[in-house]
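Here is a short briefing to read alongside your model.

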Amino acid sequence: MPRARETSSPIPAEWRTYAAELLGTFVLVFGGTTAIVGAERADTHVLLVAPFAFGLSLLAGLYAFGEVSGGHFNPAVSLGLFLDRRLARTQLLGYWVSQFLGAILASLLLLIATNQDDVASTATKPSSDGTAFVIELAFSTIFVLVILQASRSDRFGSSALVAIPLTLLAIHLAAIPFSGSSVNPARTSGPDLVGNTWTGIWIYLIAPPLGAALAWAIYSGVVRGGAPEAAAPPVAEVLEQGGSTASAR
């Protein structure tokens, strides 16, 4: 990946990072949820539309903002990278706040364009609490595990920018009938807050972070083999310039 040109900016680097996370999460949530509303109005099956909308919106967000913040756009992803010492503790809260704000702004813009009922229709809703929790836990684990490995792999790192959105697409194809497919607490919280619908919110706030912790445990013990990596300062990046790509969605 070509190295970005260094340009001076009046905005401090830390705030540019948080702004990029906010905007990238906005792109992900606005693109995905607007497609859901569009599919309903066009009488097209959501299962055929939403997976591609969220996967391609993630790809767009990564291309637009990934080199600034690392392209997490998901609190569970940031947690996984924090546990793997790629994100500093002082940054984690800033990433989370930015991601939730980006999702809320996306739902607010959709509200302006449509109505509250349409926004509520984009919320993730469980088929049953137990089933949705298991599905969200399992797929959050898979998603964060792919990110942890693809972003550091010498063999597959160059494909991470595509592999991560494709993984999200596959997760949506599988999970929508069971949980609505979130694997992202921010993606669920935006439509829930703006649409004023809270069905099963606890599932989407608890299962993805637990999945991120489980993904890190599997990555550390199985993929990396438990051997500590060379000491290095924590980085937030999913898309590392000039070398192997990416660490997060």
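Tyr18 is buried, because its relative accessible area is 9% and buried means under 20% (exposed is over 50%, partly exposed lies in between, with a 1.4 Å probe and protein chains only). Please keep in mind that this is a predicted model, where local features need pLDDT of at least 70, side-chain atom pairs count only at pLDDT 80 or more, and totals for chains, interfaces and linings use all residues. Residues are numbered from 1 along each chain as its sequence is written, and side-chain values use heavy atoms, leaving out hydrogens and water.

**Aromatic pairs**

- A search of the whole structure turns up four aromatic pairs; rings of Phe, Tyr and Trp (its six-membered ring) pair if their centres lie within 6.5 Å, and planes under 30 degrees apart count as stacked, over 60 as edge-to-face and the rest as tilted.
- One of the pairs is Tyr18 with Tyr95, whose ring centres are 6.0 Å apart with planes at 90°, so this pair is edge-to-face.
- That pair links distant parts of the chain, with Tyr18 in helix H1 and Tyr95 in helix H4, 77 residues apart; helices are DSSP runs of H or I with at least four residues, strands are runs of E with at least two, and both are numbered from the N terminus.
- Tyr95 is buried too, at a relative accessible area of 0%.
- The rings of Phe26 and Phe30 have centres 5.4 Å apart and planes at 10°, so they are stacked.
- Both Phe26 and Phe30 belong to helix H1, four residues apart, which is about one turn of the helix.
- Phe26 is partly exposed at 22% relative accessible area, and Phe30 is partly exposed at 24%.
- Trp15, Tyr18 and Tyr95 together make one aromatic cluster.

**Helices H1 and H4**

- Helix H1 (residues 13-41) and helix H4 (residues 89-113) have axes that come within 7 Å and cross at roughly 35°; axes are lines fitted to C-alpha atoms, for helices over the stretch in contact, with angles from 0 to 180 degrees between N-to-C directions.
- The H1 and H4 crossing is right-handed, meaning that the near helix is turned clockwise from the far one by less than a right angle.
- Sorted by class, the contact of H1 with H4 has 13 nonpolar, 11 polar and one charged residues; Ala, Val, Leu, Ile, Met, Phe, Trp, Tyr, Cys and Pro count as nonpolar, Asp, Glu, Lys and Arg as charged, and the others, Gly among them, as polar.

- Ser179 is in helix H7 and is buried, with 0% relative accessibility.
- The side chain of Ser179 makes a polar contact with the side chain of Glu136 at 2.6 Å; such a contact is a pair of N or O atoms within 3.5 Å where, within protein, one must be able to donate a hydrogen and the other to accept it, and residues adjacent in sequence count only if both atoms are side-chain atoms.
- Not counting residues up to four places away in sequence, Ser179 touches Thr124, Lys125, Pro126, Ala132, Ile135, Glu136 and Tyr204 (contact means heavy atoms within 4.5 Å).
- Most residues other than glycine have a negative phi.
- Ser181, in the loop between helix H7 (160-179) and helix H8 (185-195), has a positive phi near 65° and is buried at 0% relative accessible area.
- Val183, found in the loop between H7 and H8, has a positive phi of about 50° and is buried at 2%.
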